[in-house]
Amino acid sequence: MGNIVQNASNFGEFPKEFNPRIHGAYQADRYYGTPDKAFSELKLGEVIPWMKRRDASLTGTARFFSRKLYGHQLRWHLCAKNRGVGVVHFALFFSFLGMLRCWNHDRHLDDFKYH
Amino acid sequence: MFRTVCKSLGKKQGVTQLYGLNRLCLNQARCNTSSTSVQTTDSKAPSDPPLWKEEDGWVVLDPPTDSQVVEKLAKQEDWTNVHYMTRPDLSQQEKQWFREAYNSPTKLYPPEKFLLKRGGNVRVEYVRIPVGATKRQMIEKSFVPPEDEKDIAPFDLRKQWAWANKVLFGPQRDMKNFPSFVNPGQVPQPETAHKFVPRPVFDAMQPYSGVTGFYVLTVGGFFAAIAKGVLIVSYPLAYFYYFAILWGFTRLPPVRRFLDNRVPFLAQKLNDMYFHQPIQNKKDHISACIAAAQQTKDMIQQLPKLYDVQMENIDLQLENNYRDRLKEVYTEVRARLDCQLALGATKVELEKEHMINWITDQVVKNITPDLEKKNIQSCLAQLQSLSQTAKI
């Protein structure tokens, strides 16, 4: 009690690689780790090494999903003229997840024989 | 809980203790005496040497003589078995420390600051924080800002902006790879095909599958999934049909024309109602507050005049009161004086009347018939004389 926090972690704070003097204000949809090739420019064989270079821990995956969600929200929902397209994307994604969840439940409706 | 903890750690819970005669008997039995049943004291029999030396109630140990033992103990860092006298390699300060530690039950040799602790030798800074503080408060209290942030006042926005500019747009800033933040509210929605498919996705398929590739993939994929059994025709799938039907309904020309004409007005109305009007209300309120404040300021500047006016008003009231009282006084005094005057006049008149009446009554009373006759004769004589002298 009364001491500086020992074994300090940066949970809830900016990632350690982020430096405002270099990167400017923090943007939640950007990756501040070591610069690497863009995922869309990778060849098939480079995908797995690329993923191994990335932070795959719990915090790393959480940051990934957070970045993607925030980016999608910024692009499709917080735009000047929002026509509800982001909502539709959201609904479709969760419909797909619901379909996966009900996969086994719906197998009793299968009535095919050969395929 | 103690019992379970001890069991889990494999420790014995405790040793049963004996008391009283049984304890003494047990201790006697544990002592190595020549006769086990009875303890005898014989002056001729040699007594056993004592197990330890006692000095003033303290057990005193002899220092070890073997230097190898001493070195081994010193390497073990078990300083309890080592005496400073056997360590000529220690300096004066170290011997002093040793002496203090030897004589004190709490002090350690070597002193605590030279000991290696578990977790590493971390220098911990203590910060006084009251009991009941949250973790955030503790962190904030113990936070020491860096040197270049210390001169910034907490509520000076200009200094904060200048510091932010210095940090975020300084010489190290990489504008090429990390450009400035773009307000998403200023950016229009990304281009879409059919309002739900991003344009890049739609256009990326064109070189591989032509213009109709997307439609073939979606519709054909839909039926293929049904045929394969991936997508089954069931109750919840109908909800997708409803939305597709409604979407197609809105794309029909009459409906589209109606929406294209009406929807912008509705959107404009909503925007005005929920965005522009609140802002305008706030601006108006602020203007009204500023005008009221300016009016108050002007009124305050006219307050000296108000003071003079009030003083003058009071003076007029006082003057009015004074004049009323003066009038009262005048009327009262005038009345009294008039009364006195009337009284005097009445008195004088009364006396005059009385005197006149008295005199005339006395005179009339004193008139005798002889005097009356003489008076008449004298009057006649005067008349005769007058008539002789008168000229007609």
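Modeller: In this predicted model, chain A has an accessible surface of about 9200 Å², and carbon and sulfur atoms account for 62% of that area. Of the 115 residues in chain A, 18% are buried. The secondary structure of chain A consists of five helices and zero strands, so the order of its elements from the N terminus reads α-α-α-α-α. As for contacts within chain A between residues at least 6 apart in sequence, 25% of them join residues at least 24 apart.

H23(A) belongs to helix α1 of chain A, which covers residues 20–23. H23(A) counts as buried because its relative accessible area is 8%, and the cut-off for buried is under 20%. What does H23(A) touch, leaving aside its neighbours within four places in sequence? Within chain A, the contacts of H23(A) are E17(A), F18(A) and Y32(A). From chain B, R173(B) and F178(B) are also in contact with H23(A).

The accessible surface of chain B is about 35300 Å², with 61% of it supplied by carbon and sulfur atoms. Chain B has 392 residues, and 9% of them count as buried. Its secondary structure is made of 12 helices and four strands. Among the contacts in chain B with a separation of 6 or more, residues 24 or more positions apart account for 5%.

Where is the largest nonpolar core, and which residues form it? That core lies in chain B and has five residues in all: A193(B), V197(B), F202(B), M205(B) and F214(B). Within this set, F214(B) is in contact with V197(B), F202(B) and M205(B), again leaving aside neighbours within four places in sequence.

Although H194(B) is not a glycine, its phi is positive, at about 60 degrees. K195(B) is found in the loop between β3 and β4 as well, and its phi is near 70 degrees, a positive value in a residue other than glycine. Are these two residues buried, exposed or partly exposed? H194(B) counts as partly exposed because its relative accessibility is 46%. K195(B) counts as partly exposed because its relative accessibility is 34%.

Further along chain B there is a helix pair. Helix α9 (residues 237–251) and helix α10 (residues 253–301) of chain B pack at an angle of about 75 degrees, and their axes are 5 Å apart. That angle makes α9(B) roughly perpendicular to α10(B), because angles of 65 to 115 degrees are placed in that class. On the α9(B) side, the residues that meet α10(B) are F249(B), T250(B) and R251(B). On the α10(B) side, they are P253(B), V255(B), R256(B) and L259(B). By class, this contact has four nonpolar residues, one polar residue and two charged residues.

Notes: Residues numbered from 1 in each chain as written. Chains lettered and ligands numbered in written order. Predicted model: local features only at pLDDT ≥ 70, side-chain atom pairs only at ≥ 80, totals over all residues. Heavy atoms only, no water. Axes fitted to C-alpha atoms, helices over the stretch in contact; angles between N-to-C directions. Helix = DSSP H or I, 4+ residues; strand = E, 2+ residues; numbered from the N terminus. Parallel < 35°, antiparallel > 145°, perpendicular 65-115°, else oblique. Contact = heavy atoms within 4.5 Å. Nonpolar A, V, L, I, M, F, W, Y, C, P; charged D, E, K, R; others polar. Buried < 20%, exposed > 50% of the residue type's maximum accessible area, 1.4 Å probe, protein only. Areas by Shrake-Rupley, 256 points an atom, 1.4 Å probe, with all protein chains shown as cover. Core = buried A, V, L, I, M, F, W, Y, C linked by side-chain atoms within 4.5 Å.
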